[in-house]
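Please open the model in your viewer and keep the selection panel at hand. We will go from one selection to the next.

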Amino acid sequence: PRELWLDFCRFTEPVTLFDAQFDDDLSFEGSHFEQDADFNRVSVAGVMMLRGARFDSLVDFGSAEIAD
């Protein structure tokens with residue numbers, strides 16, 4: 001996807017973006033992750049915004065590539 005904005009969302013199930021590619025920005029500002037969040041190997045060509053995001057469980061950014 002070009003860009004994805006999922007601001008102020010509530011994720012009640014695990015989130016998996018393993019190996020996902022974004023050609024622009026990715027935003028989860030103010031979002032709440034109640035279960036595990038897997039961003040392993042995610043590639044973001046723009047900015048990844050997480051201001052105010054809350055993670056209640058495990059979060060994995062291993063091998064993530066974020067341009068800005």
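**From sheet to aromatic cluster**

Begin with strand S6 (residues 32–33), which pairs with S10 in the parallel sense over two bridges. Before going on, note that this is a predicted model, in which local features need pLDDT of at least 70, side-chain atom pairs count only at pLDDT 80 or more, and totals for chains, interfaces and linings use all residues. Residues are numbered from 1 along each chain as its sequence is written, and side-chain values use heavy atoms, with hydrogens and water left out. A strand here is a DSSP run of E with at least two residues, numbered from the N terminus, and two strands pair if DSSP finds at least two bridges between them.

Next, select His-32, and you will find it opposite Arg-54 in S10. Widen the view to the open sheet of three strands, whose order is S2-S6-S10 with parallel pairing. Strand S2 (10–11) and strand S10 (54–55) are at the edges with a single partner strand each, so one side of each has no neighbour in the sheet.

Now turn to the aromatic pairs, of which the whole structure holds seven (ring centres within 6.5 Å; planes over 60 degrees apart count as edge-to-face, under 30 as stacked, the rest as tilted). Select Phe-11 and Phe-28: their ring centres are 6.0 Å apart and their planes stand at 70°, so this pair is edge-to-face.

Finally, select Phe-11, Phe-28, Phe-33, Phe-39, Phe-55 and Phe-61 together, which form one aromatic cluster.

Key:
Helix = DSSP H or I, 4+ residues; strand = E, 2+ residues; numbered from the N terminus.
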